[in-house]
Amino acid sequence: MQTMNSNRLRIIFAAASLVFTTVLSQAQEPIKIGVAMPTGGQNGEYVKRSFVAPTEFAAREINAAGGILGRQVKVTVEDTRFDGAGAVAALTKLINVDKIMAVFTAFTPLTLPQLPVAEENKVIVVAGAMEHPDLTKSRWAVRMTPTAEKAGPVIADAANKLGMKTAVILSEENEAIRISVRSFAAAFEKLGGKIVGDETFKTQDTEMRGQLTKLRAARPDAIYVIASQGRIMGLALKQISEAQLRQKHIFSNHLVEDREIKAIGGGISEGVIYTTLNIDPAFAARFKAGMGYDPDANAAKNYDATMLLFEAIKRAGTDDSTKVRDTIYSFGPYKGTVGDFKFEGSGEPIIAPILKVIKGGEFVDYKP
Amino acid sequence: MEYFQHLLIMVLIYACLTVSLDLNIGHAGILSFGHASFYGIGAYTTAILTVYAGLDWFSAMVLAFATGAIIAALIGLPTLRLGGDYFILALFGFSLIVTSLIINMEWLTNGPFGIRGVPRPSIGPYQVQSGYGMLGFIAIMTAFIFFVHWRFASSPMKAALHAVRDDESVAMSLGINVVRTKITVFALGGGFAALCGAMGAFYFRFVSADSYGLQTIILLWAMLFVGGNCSLLGAFVGPAVLMLFPEMFRFIGGQGWDIGHIQEALYGLLLILLMMFRPQGLVGNKVGLRT
Amino acid sequence: MLLLQLFIDGMASGALYALTAVGFAIIYNGTRILHMAHGAVFTAGGYALYIAVKLLNLPIAVAVVVALASAAAFGVLIDLLVYRPLRARKSSEAALFIGSIGALTLCQAVFALIFTTDTLYLRQGPLPIYDFGEISITIMHIIAAGIVIVVFPILHLFLTLTKYGRAIRALADNPKLSVVRGVNVERLYMLIFAIGSLLAGFAVSLIAYDLGVRPEMGFPVMFVSLVAVIVGGVGYLPGAAAGAFLLGLLQNLSLWQLSGRWQDVVVFGALLIFLIFRPAGLFGHMLSTRRV
């Protein structure tokens, strides 16, 4: 009897310890997320600074605070190169090898081919700064920025209040930007203004003097210049100032805050009024202390997107991607570093851009 | 494993592109710098016909082949009589025009937004889904395209082509209609490239103008010469090496930031070393190419 | 007024294009290599200028000399390390072309690894502008025109009057004959690469000063050069310069009536039509031997 009892006890103990270690090892298994973005190539440095680093920074913060649900977060970064095939290769590698439950992506031509793969594998696609409206048609995608068509009316309204009668547009050939340009033109003309010139440049261009010569001949009150990268935005502003358009105001988007424009210097962005999102100064200070440079709007959006994902995992109580996705879609209000978002049934946040102006090299709130 | 499926599918699509480029460059000596454009034309034709016109996948694919071939014939008609360098430039210009038209003819191509939602092929009630089904579909298409090229490589047409490639005046004296031969083979190359575009559109379900530019042309040329021209095996080996070689670095590089640039550097070095030590390509025939 | 300004903009771009295109043409005519790595030479000159100005704090005139010398040395180095071994193996033109693309890719990646992909700026703010009534032009374009006016005649004199210059032209006309006459072809190749790369050094000094330096800045240069050389007529140096100006003018004048988004279609459509009706290039008839 006694031997049997002790045997039984031993078995029970062994079984219990097995269950315990399994539970424990599960608890210690990290939560795996991936980043699939073009970290090499033409804008690699910019992508790393404003798209990859914020996610890694957020993971570092949450891990230092004890992780989520007692588990650490593991971020794996893969280079997509700038083509659809490379984007899919990077994502499938992250899914198969690293077993991620969510992926952070950027840029329309890369993200749209990734979406079907992510949907089939039930991986949440977080495209923090992507403005293409089609993104959130997918039931697995989330963004943390207003769509492109929301910027135009805000600019048109400000231009109208400043008494601008005519405006020209100089924009990069890019899908989201074309939407912003159209929404601006429609809103501006509705308010009684007139678009007297509309020129574009390609992402890899270095010369837009011919276009500016033509825009100058139209003698506009205002110019709306819009680009998707700091480098080309800097060139545009520099050449606008060289072309001596004699416009009364320059309007633009958040890329005027990019370090490339500061690096060119010479006050080319002075007085520019632009759409952006506010960045919480406490976050900016924390980020600077951790990473050594100031976050821009895109960095803040990607940080917010990462933190939203973490909050949703916490709220769902699991890292099961379907449950986390549902939690995000019904998240309700979310207080981010770029302002108050609201998710009601999809990955499309409810948030509107604000206006800022550059005064003495500083980015300050715009007051008409 | 979607990862290996994807890589295999990409190698197969690029193998088909390479073998059709070889038809032009290797067999006929037509230095086509517009091959990526025919690839793009095929992808866009497929996307427009299936998504906007609601056509079934098979008709769309056949029409993509026809569109590629017809446009190639039309562009080949005035340009194929140009000398080598001028022909390269003419097709270089053609490819820039195609990219620009795709971006600007928004009513047809949806401009810079690209077209999404291209359907997957279906055979009877069976709808090809992602993964093995798609791999199977691409493999069958590849087998078909390689079979056609293999038949060609053992046909009398090949001898005529090589005669044209090696010396046009000799070919003429042999009674070969040089211009017609060249236009035919150029149109075929364009058609097959367009077919590859259709395959790519079915696979990615999304087309956008970025994928068919200069980078792709240079990649295709590199694949052809790494594998070796006038060789069916070479058309496999080139894409396999250039697609899989960079992927290796994902596993030995760990979490390094600058893996992308190291990849590029080694890729460049590989091209130089190959041309030095295996100029006929890894498995190409010794004769190489006359330009 | 608009048309006149566009014409001047076009001539100004053309002057910059001409400097790289003529360098490319000298190399192409002499060696028959489609020297895609000319773009890497161009970029190397830009980084040399950056190092000289920003890190070594040299005066600008000295820095430009450093950039010119570096570009020339880099061009010769590519010939020695890449093309010479390929020539020794009697490689086809296509193999040289692929090797050249390899060299361009390798260099671009190495530049990115060393200097990152951020733009390195040499100067701050907008360029000084000169106004002539309603017409305005930047200092950079004036200098570019000045360099073209000074350097091209010197180059022409060198090629027609000196022993080495004549040898280069003879090589361009008929490579086999030069070997027979006992000219050291390999040494001549080094000279050709040095001169061609030196011209790229002039162009990149101006462009780097205006736009800053980036790893991939040499990539578009290649296409401009290729187009200019072939439009102008292979084998005829002034043709390449004319081709470069034509390209600059077409790009700018196409903006007169059409939006900039149609620029590529107009410019390359015109080129295509031009090639079809004048298949030997602008000055093809001036050549005794025509390449087919």
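Where in chain A does A:Phe107 lie?

1. A:Phe107 lies in the loop between β3 (102–104) and α4 (108–120) of chain A. Helices (H or I, at least four residues) and strands (E, at least two) are DSSP runs, numbered from the N terminus.

2. This is a predicted model, in which local features need pLDDT of at least 70 and side-chain atom pairs count only at pLDDT 80 or more, while totals for chains, interfaces and linings use all residues. Residues are numbered from 1 along each chain as its sequence is written, and chains are lettered from A and ligands numbered from 1 in the order in which they are written.

3. The phi of A:Phe107 is positive, near 75 degrees, although the residue is not glycine. A:Phe107 counts as buried (20 or more other C-beta atoms, placed from the backbone, within 10 Å of its own), because it has 24 C-beta neighbours inside 10 Å.

4. A:Lys122, also not a glycine, has a positive phi of about 55 degrees. A:Lys122 sits in the loop between α4 and β4 (124–126) of chain A. With 13 other C-beta atoms within 10 Å, A:Lys122 is partly exposed, a class that falls between buried and exposed (12 or fewer).

5. The contact between chains B and C involves 34 residues from chain B and 38 residues from chain C; two residues are in contact if their C-beta atoms, placed from the backbone, lie within 7 Å. On the side of chain B that touches chain C, α3 (57–79), α4 (84–104), α10 (214–227) and α12 (259–277) of chain B each supply at least two residues. The most comes from α4(B), with 11 residues.

6. By class, that side of chain B has 22 nonpolar, nine polar and three charged residues. Here Ala, Val, Leu, Ile, Met, Phe, Trp, Tyr, Cys and Pro count as nonpolar, Asp, Glu, Lys and Arg as charged, and the others, Gly among them, as polar.
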